[in-house]
Amino acid sequence: MPFSALDVLAYFDSPGKTLAHLNTVDIAVIAIYFGVVIFIGFYLKGSANTSEEFFMAGREMTAWIAGLSFVSANLGSLELMGWAGSAYQYGILATHWYWIGAIPAMLFLGIIMMPFYYISKVNSVPGYLHLRYGDGARALSAVSFAFMTVLMSGINMYSMALVMKVVLGWNLNFSIWVSSITVALYVGLGGLRSAIYNEVLQFLLIWLGALLVPILGLIEAGGWTSLKQQIGARMGSEYVHMWGTTAHFNGNPMGIHWTGLVFGLALVISCGYWTTDFLVVQRVLSANNLRSARMAPIIGAAFKMAVPFIVILPGLLALAVLPYHLVGESQAVATGQHSYNEVLPLMLVRYCGPGLLGLGVTALIAGFMSGMAGNVSAFSTVWTYDIYGAFLNKKATDKHYVAMGRWCTFIGVLISVGTAYLVQHAASIMDYVQGLFSFFIAPLFGTVILGMLWKRTTKAGGFWGLLAGTCTAIGLFLWVHFDPSALRYVALSPDAKTLAEDMYRALWSWLVCVIVTVVVSYMTKPKPVSELEGLVYGVVPLPVEHDDHWYQKPIVWAGTIAVLFVILNIIFW
Amino acid sequence: MRKEISIWFFGGVLFLIYGVIICLEGLWELSHPLVNPPVLNNLHAPIWWGALMGIAGLAYTIRFWPRLR
């Protein structure tokens, strides 16, 4: 039977009660945003003709653009709505994922690791592994990255569509298809340059759309001191301390210990994500010179440090001002209550009338799109350079690879949409996202950092270390999954909760990767030093940057941000 | 021939349009109060937030206006 226009509209219709309704002004604000991002895609189409232009934005981005894009690609809908929900659930402890779980790693990337990525002129992180360890490590890393990227993209898409459905009554199919077709259009047309331009725009929009919530929320709560007192009275004082309650697993709502935060989160997961996840590293590799490439993560760190103001603070404010309690996702589905993940849109609805609500919703959509564009542009690069170009068709023309990249963008979006529907029917996948993430990223960090800092690391050492680390992470996950009492060994305490388990599992898998890499490297023959130039610390001197003034040096800004980071942690101790 | 349009110009234009729309909506609400006003509606956030966005957007639009190469 043929589809009529009414059938198609019915597919996008969503009956039922909603929390808020958008009026004409709100719709206009959202429509203008969609118009601008698509215009940028068409406008930049002519600047994405060669593979260097399409996949690396011509390596012409300034430090500011690369830096903002670096942070924005990470600010997906899970990051915005998920961590606001975590702040409601666990209190100010959620800030650790923005501060100790990001800032040191971003500064480390800018100061220590970026010179090696940049001067080796690689196009991707698996590309670096190829130069340092050969094809085995490259293939393992590229395939696991491609899998994780489309999975994360689909989960992001589903979580945004779900919130839009609950809060605004938008049909899931409508949200998923309209936003993903838009992303596919502007990334497919303009490549990484278009993705980066839009990410910068989206970053600004996220701030402007979400900033009113903490400002008005603090006015309503009577200021920060009054907010802390209200949360303390309603939930307990452990909700407003970042470090003071982490001496024992059962002393805080997250079931976490400071050793897990410092060694598992800061040392392994955070360094793994911010220094080896190609989704974010790709943005920095597009910088126009080494100095910009080093400054970009440092500029990104400064903005990342401020993000809790628009993500964590609304979650904390909700604890004090919302007249009802939010619950977990499964309970929300069963009882019809609102879930933790809806806290940010709920706060938007609370403070924003017509116009501002449209701006806030645009901010949430922009967050989703920037995350998804990051995923699909990184996916198309890794597929084209590190899987297709490296193993399937090595001798194609540059034009062919660009065409492959464009097709991959559309295919990546389609796979993400498929993943979103898969998640819709298997919601438990959402529970394993953090775990899945640590399977690959923690051991990869061990492999990359040893390759960069230790000349003796061999090709076999890199490959077997990466494989052993990944298998360890999967094995530990399955052990606890089938025998929950194993938590006392994996996370060092039976009182540990999911996030703590993820941290310790990442730490063990990283340690196994490092140990196996070192042992196998000592048993095998190293590469001649002449083949390690530009890839390993201490082989040849790094290019010297000539800054006109002391305040232009990346190390000065990294030091300033590090001091600010320490002060903030002490203030909110 | 014109130079490539700066991303900051796009940002400026978008903020200028949003600022004008939101500020006008806030001014409209002064004479046509909302049936279900949000919390702290008495602060008239759309007026000052829209005005701030509009001013910032106008400054960036002028500063990064595409010029001839």
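Helices (H or I, at least four residues) and strands (E, at least two) are DSSP runs numbered from the N terminus. Eight of the nine residues of α7(A), residues 125-133, are buried, so this helix is largely enclosed by the rest of the structure. G134(A) follows α7(A) and has a positive phi, near 95 degrees.

Residues are numbered from 1 along each chain as its sequence is written, while chains are lettered from A and ligands numbered from 1 in the order in which they are written. As the model is predicted, local features need pLDDT of at least 70 and side-chain atom pairs count only at pLDDT 80 or more, whereas totals for chains, interfaces and linings use all residues.

Two helix pairs of chain A were examined. Helices α6(A) (residues 103-119) and α12(A) (residues 258-276) pack at an angle of about 60 degrees, with axes 8 Å apart; axes are lines fitted to C-alpha atoms, for helices over the stretch in contact, and angles run from 0 to 180 degrees between N-to-C directions. The two helices are therefore oblique to each other (under 35 degrees is roughly parallel, over 145 roughly antiparallel, 65 to 115 roughly perpendicular and the rest oblique). Their crossing is right-handed, that is, the near helix is turned clockwise from the far one, whereas in a left-handed crossing it is turned anticlockwise by less than a right angle. By class, this contact has nine nonpolar, two polar and no charged residues (Ala, Val, Leu, Ile, Met, Phe, Trp, Tyr, Cys and Pro are nonpolar, Asp, Glu, Lys and Arg charged, and the others, Gly among them, polar).

For α9(A) and α18(A), the angle is about 140 degrees and the axes are 7 Å apart. This makes α9(A) oblique to α18(A), and the crossing is left-handed.

Between the chains, 25 residues of chain A are in contact with 21 residues of chain B (C-beta atoms, placed from the backbone, within 7 Å). The largest share of the chain A side, seven residues, comes from α2(A). That side divides into 21 nonpolar, two polar and two charged residues.

Terms used
Two residues are in contact if their C-beta atoms, placed from the backbone, lie within 7 Å. A residue is buried if 20 or more other C-beta atoms lie within 10 Å of its own, exposed if 12 or fewer, and partly exposed in between; C-beta atoms are placed from the backbone.
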